[in-house]
Structures are given as structure tokens and as C-alpha cells.
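Trainee: Please take me through one part of this structure in detail, a pair of packed helices, and then connect it to the rest. I would like the contacts named residue by residue.

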2 protein chains.
Amino acid sequence: MTTIDDVARRAGVARSTVSHALSGKRHVASSTRDRIIAVVNELGYQPNAAARSLVSRRTMTVGLIVPLDLNILAENRYTDFIVGVGDHLNEHGYRLMCLIDRNPEPLDVQRLLRSDQVDGTLLLQVRTDDARVSTLVAEGRPFVTIGRPRNARGIVRADGDFVNASVVAVDYLARLGHTQIAYVTTGQGGCPVFGFQWYSLKGFRQAHRIFGLSLRRDQVLYHEQETYESIEDALAPMLHGTLAVTALVTPTFVAAALAMRVLAEHGLRVPCDISVIALGDPRLTALSVPSITVVRFSVTDLANIAVELLLGMLEGRAPAHLEHLVPVELVIRGSTGPVASTAHCAGGMNRDYLQPLESGGCQKSTAPAS
Amino acid sequence: MTTIDDVARRAGVARSTVSHALSGKRHVASSTRDRIIAVVNELGYQPNAAARSLVSRRTMTVGLIVPLDLNILAENRYTDFIVGVGDHLNEHGYRLMCLIDRNPEPLDVQRLLRSDQVDGTLLLQVRTDDARVSTLVAEGRPFVTIGRPRNARGIVRADGDFVNASVVAVDYLARLGHTQIAYVTTGQGGCPVFGFQWYSLKGFRQAHRIFGLSLRRDQVLYHEQETYESIEDALAPMLHGTLAVTALVTPTFVAAALAMRVLAEHGLRVPCDISVIALGDPRLTALSVPSITVVRFSVTDLANIAVELLLGMLEGRAPAHLEHLVPVELVIRGSTGPVASTAHCAGGMNRDYLQPLESGGCQKSTAPAS
DNA sequence: TTGAAAGCGCTAACAG
DNA sequence: CTGTTAGCGCTTTCAA
């Protein structure tokens with residue numbers, strides 16, 4: 001292991017000169033500096049991070065707190081965030097420390113912060129009511145949430161504009177003639193689990209007011225997990241005719257894909273009988289058939305914004321706004337269509353629910369282009 | 001910030017007594033220890049990680065090197081690894097530092113190691129020929145690869161048993177009567193890009209020898225990226241009848257899903273005209289229609305094994321074997337069927353390629369159970 | 001323009 | 001059983 005003293009000795013200078021030559025914090029004669037640089041390269045010297053952060057009181061490391069939930073991570077929702085954050089941090093000379101925990105005890109977070117392993121923290125997968133947020137506030141260290149809890153007062157946060165996403169979704173459906181729309185989300189005790197689901201629901205309600213649509217309680221369907229069975233249970237009122245809706249909005253791609261399978265298995269055709277819209281940035285939507293209409297936003301933008309906010313705070317700059325929302329856009333694909341256009345629906349029940357890609361309507365499949 | 005001296009003063013003992021009371025490395029009178037613990041809890045003391053690792057020469061941190069490739073991470077292939085590794089490390093009191101880099105320069109890896117930020121390293125997304133491996137070998141620090149380069153001599157590695165996965169896949173297809181099978185992979189210069197693709201291909205060839213099947217060069221199809229267009233190009237010989245195969249093996253789920261779309265668009269029915277098998281652990285296979293037959297292995301097991309290997313090395317235990325392979329199992333779903341059973345295929349071209357889930361054959365869809 | 005020296009918070013060897 | 005003390009490798013003040 002090469003230390004700064006090795007370099008100093010070999011270059012025939014004092015330890016402090018090496019330090020300054022490398023940090024540039026005070027002027028060093030260019031001849032001396034060149035000699036030092038040469039020795040550094042020769043020995044492959046790299047300052048010891050622990051020693052450095054012990055004295056400088058900075059670790060140049062950011063913590064990313066990801067509550068482990070295989071059911072959720074398996075869905076690919078958070079990979080892009082982790083990658084986006086990690087890459088952006090590297091570009092700024094910061095390291096990324098991931099705290100991935102099966103059960104994210106406040107204690108784990110405390111340990112991470114109090115042992116001074118990170119200069120700041122990013123929170124992923126924020127719940128409607130998230131204990132980690134209060135913990136972080138109590139610790140009094142800089143942090144930024146990616147996503148928002150219901151009560152976001154005073155915290156610095158970046159998120160997709162999920163409220164607006166719902167409005168855009170409902171608007172589009174309304175234009176297609178839909179007036180009876182269901183909202184499907186994971187929920188516990190009559191409340192969406194994650195922040196983005198809560199804000200989406202808020203937007204869903206808002207949209208109904210804006211567009212003068214009535215909204216009954218039973219149009220909001222909660223499922224416990226993102227599994228086929230759980231979603232089948234949640235959709236039961238639709239499947240048994242108790243709830244008459246012609247469209248369905250859900251804040252996650254997997255729920256949308258599973259819902260479409262449930263509908264299909266029960267003889268309901270997408271988009272003939274039911275239109276489906278997902279929210280978020282599910283790149284995999286392109287894989288499903290029919291591909292799913294989505295109100296999306298750039299996850300990379302969101303990750304970058306969160307990182308910029310945090311690094312700014314670490315360098316003493318207060319953020320311009322507490323809340324930064326990434327704008328959304330509607331991407332029309334094959335899972336949405338005009339309401340109740342039964343005349344266009346050819347074929348028997350449970351036959352044509354699967355349309356060729358990018359085909360929005362319900363007409364019979366035509367011969368391939370080739 | 002609370003230091004060990006704060007605790008010592010408040011508990012009326014020496015600094016070293018606090019240290020030992022917490023580490024248990026020498027006996028401390030239980031009365032003294034209780035007093036110290038009480039103060040620790042009262043002040044919320046947590047040892048400073050930098051100071052600790054400066055003197056102990058251990059960071060209790062493991063580095064995970066993930067070359068950023070959005071096209072790949074978007075596919076959800078590596079999320080489960082990151083989560084699996086992170087969670088397992090936490091359980092063992094280690095931290096996870098992620099080096100996620102758009103272009104993983106050997107220099108970045110060197111910096112990480114030489115600045116002593118990690119005790120050991122895990123390599124993800126290993127290429128057939130991977131520069132990072134030589135870098136790590138040259139640095140002489142403990143590391144374990146998750147996945148293997150073509151030349152794995154001397155390195156400690158954990159991987160899915162991809163060679164055997166291919167054998168199982170070809171065996172199954174052969175039992176269904178397939179003799180002409182194509183292998184589809186991302187490749188550059190006539191060689192698969194990633195290690196798992198290389199070993200899969202090796203197994204694919206091996207299987208042909210074992211089962212007495214002939215294998216021509218043109219049965220191995222390379223695509224540049226995992227996009228619809230790129231795969232469409234690669235499959236061109238099949239689509240234009242130049243290459244007569246009845247089945248297709250591909251080491252990734254996304255490639256399989258995209259290939260199925262390509263086939264469908266060109267009027268080929270899965271599994272009627274072409275059977276498709278994917279390798280790996282693509283949980284999302286369940287989402288596609290028809291769901292994809294797969295030879296899978298446990299990603300969590302793989303992650304755990306890699307972590308155990310590395311932590312063992314960090315504690316001075318030499319691994320029992322250099323190579324640890326996670327066994328594979330065949331999961332039969334809807335994308336495979338007997339060869340050329342045209343008689344069973346009802347409906348017109350490009351109509352029935354999308355079968356209800358879990359339906360392996362090509363019979364007409366029946367009415368829903370409900 | 002450079003060097004000497006103090007000290008960051010901790011562990012562990014040495015003394016008692 | 002406990003206290004004293006010497007560093008770990010580095011940055012940074014203070015002197016020259």
C-alpha cells in the first residue's frame with residue numbers, strides 16, 4: 001500500500017506539498033508538481049479514503065436507501081433509478097452506497113448516518129406514510145426523496161408528476177368516450193401503499209372533478225400484492241358485473257399487464273371491452289401484447305434532478321424549490337380504444353383480446369406486412 | 001457528533017474501555033459495560049466508520065461493479081442480483097458500494113480499490129472477454145465474479161449452470177421432435193458478448209453432440225442489440241425460409257419476447273411453427289403471452305453464494321472450489337410444443353399466435369372458466 | 001514556495 | 001479489570 005509519505009519521500013518533498021499538489025488548494029511550483037505527479041503515477045498512489053474523510057469530514061459518498069421488496073424490485077421499477085443515480089453521482093466524483101434492506105429499520109438508517117459513512121441520502125420507493133422520512137428529518141442530515149410521502153411538508157423531493165399523469169390519462173379516456181373508469185392500486189387499509197400511487201389517485205379524483213365526471217367509492221380498487229390472484233380479487237366487481245366500468249387506470253405496469261391477463265381470462269377484451277392505461281415509465285410495456293398505453297416521464301431526468309438537488313445541498317446551496325416534478329407525456333399504444341365499439345370487435349369471446357402490436361382498435365388482424 | 005471520548009467521559013471510563021465494551025475483544029466488568037451501553041444509547045453513539053477503518057484496515061464494505069448499459073439493465077436482468085447481494089451483505093454487517101459506470105474504465109476500478117474503500121469486490125455482468133477481470137487480478141485484491149469470462153482460469157466465480165441449461169433446453173426440444181434448432185444471442189465479431197451467452201452457446205453445441213444432432217454454423221444467430229429491429233435482422237434467414245428451424249433457444253428473456261413478436265409479425269405462430277425457450281431467471285416471463293418456457297435457476301442463490309465466497313475470502317478462508325454453479329430447472333410454459341403439429345393449429349395465420357396463458361398447445365381457445 | 005506539526009476518531013499494544 | 005498512549009494516512013494551520 002502506497003501512502004502520501006511514500007510519494008513525498010520519493011519526490012523529495014514534504015507530505016503537505018504532495019497533498020497540495022494533488023488538491024490544488026495552494027500553489028506548488030510547476031517543476032515540483034510535475035515531479036510529484038510523476039511519482040504518483042509511477043507508484044499508482046491513491047489517497048486513502050478513510051484517512052481523508054476522517055480529517056476532511058466528508059466522505060464523498062451518497063447513501064441510497066432501498067427497502068427490499070422483491071415483489072416490487074422484480075418489476076423493474078427501481079433499477080433505472082439506481083442506475084441513473086449511480087451514474088450521475090460518479091460523474092460528480094461521488095460514490096454510491098446502497099442500503100438495501102429486507103426490513104428497513106430506522107435503526108439501520110441511523111447507523112449509516114451516525115457512523116458518518118455518507119454525506120447525504122437519497123430515499124427510494126417512498127411510501128404514502130414513510131417512517132424513514134421522519135427518521136431522516138430527526139437526524140438532521142441532508143436528504144432528498146425520489147417520490148413523495150403524502151405529507152411532504154418541508155422535505156426536499158423530486159418525483160414524476162403523478163397527479164398530472166392521472167389527469168392526462170382520464171382526459172384521454174374521456175375523449176374516447178369513457179365515463180366510468182376504475183383506478184387499481186396496491187393498498188392497505190383503504191390507502192395506496194406508495195406515494196406515487198397516492199398522488200396518482202389524488203390526480204384521478206381531481207380529473208373527475210375537472211371533467212365533470214362522477215366518481216363513486218367503488219371505482220377505486222385495491223389489491224394487496226402485484227400478483228395475478230390478488231389483482232383478480234380486486235377486479236372481482238368488474239368481472240361479476242357489479243361494477244360497470246369501461247376503462248381502468250393503474251399506476252404500475254405490472255399491475256396493468258396482470259390486469260389485462262385477468263380480463264382476458266374472464267373473456268373481457270382489451271381494448272374492446274376495457275381500455276387500460278398505466279402510469280410511470282415502464283419500458284417493458286412494449287413487450288406486452290397489446291402494448292400498453294402509458295402516461296410516462298423520464299426516470300433518468302428524475303434521478304438526475306434528485307442527485308443535483310442533493311449535491312447542491314451538500315455544497316451548501318439551498319434548493320430553489322422543495323418540490324421538483326418531472327413532466328409527463330401520453331404514449332398511446334394498443335391497450336386503449338373508444339368506448340363500447342362492439343361493432344368493431346370481430347371474433348368470439350376470449351379470442352381476439354390479444355391484438356397485434358400498435359393496433360389500437362379491434363378490427364380483425366390483417367395479414368403481415370412482409 | 002458524538003465521539004468515543006464523549007461516551008468515555010460521560011461513563012467515567014477510559015476511551016479504550018468503551019471500545020472494548022462495544023467490540024467485546026476484551027473482558028469488561030458487566031457493571032461497567034452496562035453503564036457504557038446506557039450512555040451509548042443515551043447519546044446515540046455510533047463509531048465513526050472512517051476512523052475505525054483507518055486503524056483497523058477494514059472498511060466492512062464490498063464493492064459491486066456494474067457496467068452501466070441501460071439496454072441491459074432495463075431488462076431487469078441485474079436488479080435481482082443487486083438486491084440479493086445487498087441484502088445478504090447487510091445481514092453479515094457489510095455495506096454495499098455500487099460502482100455503476102457508463103463506461104467502466106479500469107481506472108475507476110483501480111481508484112476504488114487503491115483508495116481502500118472496499119475490502120473486496122463483486123463483478124456483475126461479466127463479458128466473454130472482460131477487461132475488469134485482468135484489472136482486478138493485477139490489483140491482487142479479493143474478488144468474486146457473478147458470471148464467468150470465457151477464460152476463467154484461477155478466478156473465483158459463481159454462476160448459473162448455463163452450459164447445462166442449454167443441454168436441458170435442447171434435450172426437451174429434441175423430445176418434442178425438434179432437430180433443427182437456432183441459438184439467438186447478442187454478439188460482436190461472431191462471439192457472444194456476455195459470459196452467460198458464451199457458456200450457453202457452448203452447452204448448445206455440446207447438446208447437439210450428446211444427442212447426435214447435426215449443427216450448422218448458420219443455426220447460431222447474432223443480433224447487435226436487444227431491440228425489435230436488431231432481432232428481426234438476426235432472424236431474417238428464418239423469416240425468409242433460408243434457414244429451416246422449428247425451435248429457438250435464447251439466453252435472455254427479452255430477446256425471447258422480442259423474437260416472439262418478430263415471429264408473430266411475420267406470420268409465424270408460437271409454438272405451432274416455432275418453439276421458443278429462454279434461459280435464466282426471467283420472472284417477467286409470466287407476463288408475456290404465451291408465457292415463455294424457460295430453463296431457470298435461482299438468482300438469489302447465486303447472489304448468496306457469491307457473497308459467501310467473498311466474505312469467506314475476506315476472513316481468510318480459501319474457497320473450497322474456484323467455480324460454483326447454481327443448478328438449473330426446466331419450467332415448461334406456453335412457448336414450446338411438439339414439432340410441426342400443424343393439424344392442431346386452428347385459425348388463420350397471424351391470428352392465433354397469441355395463446356391464452358399456460359396453454360402449451362395450439363388448440364382453439366376455449367371459453368373462460370368463469 | 002515549501003516544511004513541520006497538530007490532530008481527525010478510533011483500535012490495540014502496553015502498563016498497571 | 002482498566003487506563004495511557006501510540007499511531008492509522010491524511011488535510012490544514014502556522015512558520016519559515
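Mentor: In this predicted model, helix α7 (residues 106-114) of chain B packs against helix α8 (residues 131-139) of chain B at an angle of about 30°, and their axes are 10 Å apart. Angles under 35 degrees count as roughly parallel, so α7(B) is roughly parallel to α8(B). The crossing of α7(B) past α8(B) is right-handed. On the α7(B) side the contact consists of B:P106, B:V109, B:Q110, B:L113 and B:R114, and these meet B:T135, B:L136 and B:E139 in α8(B). Sorted by class, the contact of α7(B) with α8(B) holds four nonpolar, two polar and two charged residues.

Another helix pair in chain B can be described in the same terms. Two packed helices are described by the angle between their axes and the distance between the axes. For helix α6 (residues 79-91) of chain B and helix α13 (residues 299-314) of chain B, the angle is about 45° and the axes are 8 Å apart. α6(B) and α13(B) are therefore oblique to each other. α6(B) passes α13(B) in a crossing that is right-handed. From α6(B), the residues in contact are B:D80, B:F81, B:G84, B:V85, B:H88 and B:L89; from α13(B), they are B:V299, B:L302, B:A303, B:N304, B:V307, B:E308 and B:L311. The contact of α6(B) with α13(B) comprises eight nonpolar, three polar and two charged residues.

Chain A has a pair with these helix numbers too. The axes of helix α6 (residues 79-91) of chain A and helix α13 (residues 299-314) of chain A come within 8 Å and cross at roughly 45°. That angle makes α6(A) oblique to α13(A), and α6(A) passes α13(A) in a right-handed crossing. The α6(A) residues in the contact are A:D80, A:F81, A:G84, A:V85, A:H88 and A:L89, and their partners in α13(A) are A:V299, A:L302, A:A303, A:N304, A:V307, A:E308 and A:L311. By class, eight nonpolar, three polar and two charged residues make up the contact of α6(A) with α13(A).

Next come some points of backbone geometry. Most residues other than glycine have a negative phi, and most peptide bonds are trans. In chain A, the bond joining A:V270 and A:P271 is a cis peptide bond with omega of about 0°. A:P271 sits in the loop between α12 (253-265) and β9 (275-279) of chain A. In chain B, a cis peptide bond joins B:V270 and B:P271, with omega of about 5°. The loop that holds B:P271 runs between α12 (253-265) and β9 (275-279) of chain B. A:Q125 is not a glycine, yet its phi is positive, about 60°. This residue, A:Q125, lies in the loop between β3 (120-123) and α8 (131-139) of chain A.

The protein also meets two DNA strands. DNA strand D is surrounded by 30 residues, of which A:I4, A:R15, A:Y45, B:R26 and B:T32 are the closest. Of the atoms of DNA strand D within 4 Å of the protein, sugar or phosphate supplies 55%, and bases supply the rest. A polar side-chain atom of B:T17 is 2.8 Å from a phosphate oxygen of DNA strand D, a backbone N or O atom of A:N48 is 3.0 Å from one, and a polar side-chain atom of A:K25 is 3.4 Å from one. The elements giving two or more residues to the surface near DNA strand D are α2 (15-23) and α4 (49-56) of chain A, together with α2 (15-23) and α4 (49-56) of chain B. The residues of that surface are 13 nonpolar, ten polar and seven charged.

DNA strand C has 30 residues around it, and A:R26, A:T32, B:I4, B:R15 and B:Y45 come nearest. Sugar and phosphate make up 57% of the atoms of DNA strand C that come within 4 Å of the protein. An N or O atom in the side chain of A:T32 lies 2.4 Å from a phosphate oxygen of DNA strand C. For a polar side-chain atom of A:T17 the distance to a phosphate oxygen of DNA strand C is 2.6 Å, and for a polar backbone atom of A:A29 it is 2.7 Å. Two or more residues of the surface near DNA strand C come from each of α2 and α4 of chain A and α2 and α4 of chain B. This surface near DNA strand C divides into 13 nonpolar, ten polar and seven charged residues.

How values were computed
Residues are numbered from 1 along each chain as its sequence is written. Chains are lettered from A and ligands numbered from 1 in the order in which they are written. This is a predicted model: local features need pLDDT of at least 70, side-chain atom pairs count only at pLDDT 80 or more; totals for chains, interfaces and linings use all residues. Side-chain values use heavy atoms; hydrogens and water are left out. A residue is near a molecule or strand if one of its heavy atoms lies within 4 Å of it. A polar contact is a pair of N or O atoms within 3.5 Å; within protein, one must be able to donate a hydrogen and the other to accept it, and residues adjacent in sequence count only if both atoms are side-chain atoms. Helices (H or I, at least four residues) and strands (E, at least two) are DSSP runs, numbered from the N terminus. Ala, Val, Leu, Ile, Met, Phe, Trp, Tyr, Cys and Pro count as nonpolar, Asp, Glu, Lys and Arg as charged, and the others, Gly among them, as polar. Axes are lines fitted to C-alpha atoms, for helices over the stretch in contact, and angles run from 0 to 180 degrees between N-to-C directions. Angles under 35 degrees count as roughly parallel, over 145 as roughly antiparallel, 65 to 115 as roughly perpendicular and the rest as oblique. A crossing is left-handed if the near helix is turned anticlockwise from the far one by less than a right angle, and right-handed if clockwise. Contact means heavy atoms within 4.5 Å.
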